[in-house]
Amino acid sequence: MAPAETVLTQGAGLKKPEDLTLLHEVAEATAGVSHLEMCIQCGTCGGSCPSAADMDHTPRALFAMLRAGMREEVLRSNTPWICVSCYHCVVRCPQEVHIADVMYTLKSMAIKAKKYTDSKPPDFSQTFVGMVETFGRSFELGLATRFYLTHQPLRLPGMAGMGLGMLTKKRMNLTPNRIKNMDQLTAILEKAKTLELTS
Amino acid sequence: MNKYLFYPGCSMEGSARAYYESLKAIQPALTMELEEIEDWNCCGATEYLSINLIPAYSLIARNLALAAQQKNGTDTVMAPCSACYLNLEKADYYMAERPALGEKVNEALAAGGLHYEPGSVQIRHLVDVIINDIGLETVKSKVVRPLTGLRVAPYLGCMVPRPDFAKRWSDHEHPSELDDLMKALGAEVIDFPMKTSCCGGHMTQIGPETAYELIRRLVAAAEEQGADIMVTMCPMCQMNLDAYQGETNRHFGTNYHMPIVFFTQLMAVAFGIDPKQAGFGLELVSAKDALARIGLKAPEEQKPTPARKKPEGLPMPKPLPKKYASGQTVVEE
């Protein structure tokens with residue numbers, strides 16, 4: 001049930017009551033103070049975005065959809081997954097919306113609700129995180145082999161030369177580096193997984 | 001002597017080895033003391049944040065807590081990697097901006113006997129400390145082999161000048177710091193319009209076509225401007241533009257050859273350090289021609305070990321002896 005103040009009663013000319021539950025939910029789950037409610041739909045974000053051409057909705061449209069409570073469409077959108085975290089939109093946004101961080105929130109919400117439409121990006125993140133949770137450090141070779149074999153085996157032949165170059169130039173370690181106090185990190189992460197960000 | 005708590009980041013030990021080696025090579029000349037944060041862990045790059053918020057920030061904050069504990073004549077954490085720099089800065093900033101986040105992260109840290117008070121350490125990037133602590137005059141005084149005639153495109157990437165929570169950079173989109181540093185080495189610096197445009201980040205892995213286009217724009221712009229070489233301060237940028245330039249060329253049918261190295265590598269050769277010791281030769285798009293412009297020879301290319309070649313390998317049919325070659329039946333006497 002939505003908190004009372006997020007639901008505006010149906011007024012003249014409104015087909016259904018305005019419901020800001022989704023907007024609040026996203027803002028609350030975003031790391032800093034998102035300023036999401038301040039979006040004035042100017043479109044500076046989409047206009048600044050280097051990868052907007054590959055997005056199904058520009059960030060501006062996505063934020064309007066959040067406000068309209070279109071949960072399903074928002075969580076199925078590829079926009080957060082195409083975001084390259086370049087922060088062009090963030091520094092240009094006249095309303096100081098933490099756009100890139102909102103994208104991270106939407107990604108984690110889509111993962112939790114299993115709404116993403118392409119499994120590559122979440123699996124890549126999950127594989128990366130798995131390495132970090134095991135060794136405390138990232139492990140590029142393990143990540144690359146596991147991810148490519150699962151998701152893009154056809155891309156491998158074309159990349160063989162590059163991979164061989166990285167290995168012979170010793171730019172990829174054959175074995176993972178581990179931190180010493182893995183127990184401490186595990187304890188911290190296990191505890192952290194039981195916690196959620198609320199206001 | 002300027003002292004820093006040093007957070008190298010995972011790439012420095014792998015794909016960005018050239019960055020680490022050249023940094024170590026120039027460190028004495030810069031009178032910079034680096035004390036590595038004891039048992040630091042991965043910052044989570046851009047991946048953990050999309051999975052689970054509190055663990056992602058707790059992962060970053062463990063490093064901040066360790067650094068704050070280790071404070072030893074300095075409270076500045078220096079990170080040379082852009083993603084690490086941003087993550088550390090972000091955790092520090094958001095933990096203060098959103099006290100609820102700070103509390104939850106500290107609740108998690110407590111499970112490992114740690115605590116971090118936002119603001120206890122300063123987080124700074126290598127370029128920032130070189131320019132603002134060590135100073136361009138010191139850098140100039142160490143140059144024995146000026147990079148005269150070398151046309152350099154300075155490429156900072158995204159995550160250092162943006163979002164720049166601590167307001168340390170001259171501009172979000174066209175900062176002059178890296179240009180100034182390269183000029184101090186005597187290089188001819190191109191006013192590179194795409195100096196903070198995105199390299200594609202992790203899209204080279206998960207959405208290559210998005211990444212190829214971003215890589216193409218950068219490499220094409222550098223080439224159109226007549227750059228001999230691009231310099232970067234970010235392991236991810238270097239990896240994408242260097243290791244994926246070949247794939248990008250194949251994708252578009254182009255033939256770009258734009259070497260990209262770390263700014264520390266050019267500092268090292270300008271300081272008279274041997275190119276090999278400066279990490280040259282580790283790039284996949286060879287910087288040989290660029291080095292030649294300043295009268296330096298690139299280190300010998302390390303060839304992949306050839307496949308095992310024994311004169312007698314697998315038992316394959318051998319050519320017939322001559323006497324059988326005609327195809328006639330030969331009666332053995």
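Residues are numbered from 1 along each chain as its sequence is written, and chains are lettered from A in the order in which they are written. In this predicted model, local features need pLDDT of at least 70 and side-chain atom pairs count only at pLDDT 80 or more, while totals for chains, interfaces and linings use all residues.

**Exercise 1. Overall make-up**

Task: State how many helices and strands chain B has, and give its box and its buried share.

Solution: 
- Step 1. Chain B has 15 helices and eight strands. These are DSSP runs, numbered from the N terminus: helices are H or I with at least four residues, strands are E with at least two.
- Step 2. Along the principal axes, the C-alpha atoms of chain B fill a box of roughly 100 × 50 × 35 Å.
- Step 3. Of the 333 residues in chain B, 55% are buried. Buried means 20 or more other C-beta atoms within 10 Å of the residue's own, with C-beta atoms placed from the backbone.

**Exercise 2. One residue, B:Ala243**

Task: Decide whether B:Ala243 is buried or exposed, and list its contacts.

Solution: 
- Step 1. B:Ala243 is found in helix H11 (residues 235-243) of chain B.
- Step 2. B:Ala243 counts as buried because it has 21 C-beta neighbours inside 10 Å.
- Step 3. Leaving out residues up to four places away in sequence, B:Ala243 touches A:Met162, A:Met166 and B:Leu284. Contact means C-beta atoms, placed from the backbone, within 7 Å.
- Step 4. B:Ser15 is 228 residues from B:Ala243 in sequence, and 9.7 Å away in space, C-alpha to C-alpha.

**Exercise 3. The interface**

Task: Count the residues in contact between the chains, and class those on chain B.

Solution: 
- Step 1. 58 residues of chain B are in contact with 61 residues of chain A.
- Step 2. H3(B) supplies the largest share of chain B's side, seven residues.
- Step 3. That side has 27 nonpolar, 19 polar and 12 charged residues. Ala, Val, Leu, Ile, Met, Phe, Trp, Tyr, Cys and Pro count as nonpolar, Asp, Glu, Lys and Arg as charged, and the others, Gly among them, as polar.

**Exercise 4. An enclosed helix**

Task: Explain why helix H13 (residues 263-270) of chain B is largely enclosed, and name part of its cover.

Solution: 
- Step 1. Eight of the eight residues of H13(B) are buried, so the helix is largely enclosed by the rest of the structure.
- Step 2. Among them are B:Phe263, B:Leu266 and B:Val269.
- Step 3. The cover includes helix H1 (17-26), helix H8 (177-184), S7 and S8 of chain B.
- Step 4. Just after H13(B), B:Gly272 takes a positive phi of about 90°.

Note on methods
A residue is buried if 20 or more other C-beta atoms lie within 10 Å of its own, exposed if 12 or fewer, and partly exposed in between; C-beta atoms are placed from the backbone. Two residues are in contact if their C-beta atoms, placed from the backbone, lie within 7 Å.
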